[in-house]
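Please look over the model below before reading on. My notes follow as numbered points.

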Amino acid sequence: MTVAVSPSRAGAALEVIGLSVAFGGVVALADVSLSVAPASITGLVGPNGAGKTTAFGVISGLVHPDAGRVVLDGVDVTGAPAHMRARRGLGRTFQHPQVFSGLSVRDHVILGDRVRHHRARMWSDAFLAGGLRRQPADERERVDDLLGLLGISELASRPVDGLPLGTSRLVEIARALATAPSVLLLDEPFSGLSGAETDAVVSALRRAVGERGVALLLVEHDVPTVLALSSTVHVLDFGRLIASGTPAEIRDDARVRAAYLGDALV
Amino acid sequence: MLQFIIAGLVFGSLYAIAASGLVVTYLSAGILNFSFGATAFFVARLYYDLHTTHRMAIIPAVILSVGLAAPAIGLVLHLALFRYLRLATPVVKIVATVGVAVALPATANLIFGQRPILLAPGIAPRPLRVFRVFHVPVTMDQITVYICVVLMLAVGTVVLRHTDIGLRVRAMVDSPAMTSLSGTSPDRVAAAVWMASTFLAGLIGVVSAPIVGLDSNSFTLLMIAAFAAVIAARLRSLPVAVVVGVAMGIAGSVLQYILPPSSSFTQAVIPSIPFAVTTVFLLWNVARRGRGDDLRANGGVLDRAISYQREHASAPLGWGWAVPVVVVIGPLALVLSGFWVGLVTTGVALAIVFLSYTLLIGEGGMVWLCQATFAGVGALGAAQLATAHGWPLPLAILGAALIAAPMGIVLGLLSIRLGDVHLALVTLTFGLLMENLAFTRQTFTRLGSGVALARPSFAHSDRALAYVGLATFIVLALVIVNVRRSTTGLVLGAVRTSADAARTMGVSVVTSKVLTAGLAAFVAAVGGSFLALSAGAALPSQYSSLIGLVWLAVLVGTGIRSTVGALLAGLTFTLVPGFVQVYLPTWFAPVPTLLFGLGAIVVAKYPEGSLAMQIRQARSIAARLRPHAPVEEAPRPEMVVT
C-alpha cells in the first residue's frame, strides 16, 4: 500500500482530483474533481449513466482509475486497497444493498463495530476461545444504539436473508455507521424506503454528521431530498462534472437544468 | 512426426468436442457440467451393451444410445436437477454436477455390470479398416472422430449463429426472465441445450471408447483435460475452445515424439499438458484482466427478483447436536469388532479430512477440489518423515501438516482473484498436477506398496487408533466451531457473501481467505496422516483428486457446514460399503456410490444437507406433538424482492 500526505484543499475530508476512468472505449469519468468538507453532507447527482457509481467505485478502491488521485483526510490513498481505505475511515453503501447472507441484522452491526475497534485475528480466534468470549458491554451499547437509531432493534436477531429492500438498506447503513467512518459514501440510500424509514435514515445521518463529524457524499435520484439535505452539490453528466455549488446555485444553473433537472424544480 | 500429429489430432478433436459441450451449457445455463465425462461413459457403456453384448447392429445401437438415450439423460437431468440450479450459488452448482458425475457411472455399473472392459468397439465397422494418408496409417475409428468434430463445428456454428434457436440460446445467457417476457420458454430452451450437450457427451463416449478405453475415470480425465480449453476460452468462446482443444492434442502427441519414450519424465509430463495449459491460460487471463472472473450467467435483476433463493436457508447446525452424536458414535469402536472397527477407524480419519472441506467450503465459501491432494501430502509426508527419517509419529504428522499448510497458503494467494468456477478448476488442476508430477515418484509409490507408516505403541490396535482419531477430530472440530462463533466467523460469513462489501468495511479478503486455505490444508494433511495410519501405509493412489470428488459428494449430502455432518459422512463412506459387501449380493456394490452421488444432487434442493434437514424436520414434528408449544417450521425459502 502506498499512502502519502498530499497537499489537498485545506480541511477537506475527501478530495478527488482529476479522476478519469474508461471501460474499453466508453468514458465513465473524465477529469472529475470534487471535495467533501468534514461534518457536512455533499450531494452527487446526475442522470443514469453519468458515472456516479463508478466514482464511488474509484473512491472506495473497488475500481482502478486510469488517472487522478483520491485524498482522504489529507492522505493520498489512490494506491491503497479498498480495505485499507475503509480502515482509514472511508465507509460506503451500495446501490443494491450488499448484506451478508446467513448473518443476523445484529451480526452486521457487530462486525462493523469490531472491524473498527477490535480487528479479527484468525489464530487467536481459533485457538484462544475467541468464540466463547463474552461481548464487551461498550460494544453492546454501541450496537444497540445504532440499531435503535435506525429503527431496526426488533429485527436484531433475524437473519438478513429475505428482508425487504428498504430494511436491507437500513441494515447496510447501520453496518457502515458502525465502522465509525470519517467519510461515508451513500449510494441511493433512500431508494425503496417508506416515508417513516426515510425519516429514520435522515435522522441517523444528521446525527452522524452532527455528533460524530462524519462527512457524507450522497448519490441519490430524489433530487429535492438531496438539495434539501446537502450543503454542496456536484452534478455529473456523461462522466464530466458540469456544475458544483450550493443547492440554490445548482437549481439556477442552466447547464444542470438542460442536462438533468428540466423545469420541474425551477 | 506426421504420424504423431495425426494421432494428436484425434485427442485434440475429442478435447474440442468436449470443450464445446461444456462451453455451450455454461453459456446458456451458467453451469460448468462436471458430469460431462460421466455421461459420456454411461452412453458408451450402453452402446457397448447393445452392440457387443446384445449383438445389435451398429446403426440402430448408435441411434438408441447416442440419438435417443443421451438426449433423454439430458432432459431428465434438466427436469430433475439443472433447472433448479440456474440461480443457485456456484458451490451448489458445482457440487450438484459432481453428484451426477459420481452417480451416473455407479448407475451404469448397476445396470450393465461391473466387469472391466478391455476392448471397446467404436462406431466403425469391424474388422477395422486402415487407410494411408501421406504414408501414415489412419484407422476408421480415428477418421470417425475427425468427421464428428467437423460436423459438430459446422452444425454448431450454423445453429448458434444463423437460426432462431441459436438466437434464443444466446438470449438465455443474459436473462431467462427477459427471454420469457419475449415469448420464448426459457425452460424449453434450457432443456434443448442440455439434450444437445448430453448428445455431444454420448457421441464422445461412443467414438472415443476404442481410443481411451471404456472406463469412467478415463472419460472424467478426458473431460478435465478439456477444461483447459474451456479456461483458455474464458468459459465463453466456442472457437477458441475448439482451437485450443485441437492444439493441445497435437502438442501432447508431438511431445511424445520429441521426448524419450521410456523416461519417467515423459510419463509424468505428457498427462500433465492439459493442466499446464490450464495454469498458463489462467495466469494469462489474470495478468491481462486483473482477475479471472466467471461469466455472470446467473440472469439479470429480474431473474433474481422472481426466484426463490433457497441457498440462503443454509446454516450450520447448533453445537448442541454434537454431544449426543459423539456419545452414540463413541462406543461404536467398543461394541463392534474386527473388520467393523477397522472401518470405523478409517471413517474417523476420513472425517478429519472432511473437516477441511467444512472449513474451506462451508465457512470460507471457497470451492477447492484438491483437499484429497493435501490429505495425500499429509499421508506421504508423515510416512516419509516417520519411516525414512525416523521422526517420532506425532512430530511427523505435525511436520507433514506444516508442509501442507504453506502449500495451501501459496495456492490461496495465487488463486485469490479467481471466480468460483475458475477456482474449482484451478484447484482440481493443481491436484491432478500433484498426482502426475509428485505422487508418481518412486520415493512415494515404492513399486505400488506405498510408504509404510507404523502405528505408535499407544494406538496399535484399530480400536485404540479409532479413539485417538476421534479425539483429534473433536479438537479440530472445536477449533472450527470456535472460528465460526468468533469475529473471524463473521468475517468469513461476510467474505463468503460479498467480498466487495467486506472490503469496503475494512476486512482484508486476502488475509481471511489465505489463512483459511492454510488452516484447511493443515487439517486435511492431519486427516491424511490418520488415513495412512489406518491403512498401515501411505498409498498415493488413495489420494487422487477424483476420489476427492466422491468425498465431497458424500460430505455435501450430509452437510457441508456441519462438523457433526463431517463425522457422520466419514463413517457413512466406510460403513455403508462395508455393510453392502458383507450382507448384500455383489451386484449391490455400486449402490453406496450411487447413493453418495444422489446425496450431493439433493443439495440442489436442500443446501444445508440431509442431516440438518432431517433434524429440523424432527424438531418441527416434536414441536407439533407438544401441546401448546410454538410450532417451529422447517425453514422455507423466502421471496427476495429487489
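**Notes on the two-chain model**

1. Arg207(A) and Asp145(A) form a salt bridge, with the closest N and O atoms 3.6 Å apart. A salt bridge here is a side-chain nitrogen of Lys or Arg within 4 Å of a carboxyl oxygen of Asp or Glu. Arg207(A) sits in helix H7 (residues 195–212) of chain A and Asp145(A) in helix H5 (residues 137–149) of chain A, so the pair ties together parts that are 62 residues apart in sequence. Helices (H or I, at least four residues) and strands (E, at least two) are DSSP runs, numbered from the N terminus. Arg207(A) is partly exposed at 31% relative accessible area. Asp145(A) is partly exposed too, at 35%. The cut-offs are under 20% for buried, over 50% for exposed and partly exposed in between (1.4 Å probe, protein chains only).

2. This is a predicted model, in which local features need pLDDT of at least 70, side-chain atom pairs count only at pLDDT 80 or more, and totals for chains, interfaces and linings use all residues. Residues are numbered from 1 along each chain as its sequence is written, chains are lettered from A and ligands numbered from 1 in the order in which they are written, and side-chain values use heavy atoms, with hydrogens and water left out. The model scores ipTM 0.88 and pTM 0.85.

3. Next, confidence in chain B. Within chain B, helix H17 (residues 371–388) has the highest confidence, at a mean of 96, and helix H13 (residues 301–305) the lowest, at 47. Residues 296–315 of chain B fall below 50, and this stretch has 57 contacts in the model beyond near neighbours in sequence. Residues 631–642 of chain B are also below 50, with 28 such contacts. Contact means heavy atoms within 4.5 Å. Where pLDDT is low, the predicted coordinates should not be read in detail.

4. Chain B has 28 helices and 4 strands. Of its 642 residues, 58% are buried. Take the contacts in chain B between residues at least 6 apart in sequence: 79% join residues at least 24 apart.

5. The rule finds 5 residue pairs in polar contact across the interface, both residues at pLDDT 80 or more. A polar contact is a pair of N or O atoms within 3.5 Å; within protein, one must be able to donate a hydrogen and the other to accept it, and residues adjacent in sequence count only if both atoms are side-chain atoms.

6. Glu172(A) pairs with Arg175(A), the closest N and O atoms being 3.8 Å apart. These two are 3 residues apart in helix H6 (residues 165–178) of chain A, about one helical turn. Glu172(A) is buried at 0% relative accessibility, and Arg175(A) is buried at 3%.

7. In chain B, Arg83(B) forms a salt bridge with Asp187(B), with the closest N and O atoms 3.8 Å apart. Arg83(B) lies in the loop between helix H3 (58–80) and helix H4 (90–112) of chain B, and Asp187(B) in helix H8 (residues 186–212) of chain B, 104 residues apart. Arg83(B) is partly exposed at 38%, and Asp187(B) is partly exposed at 33%.

Notes. pLDDT is the predictor's confidence in each residue, from 0 to 100.
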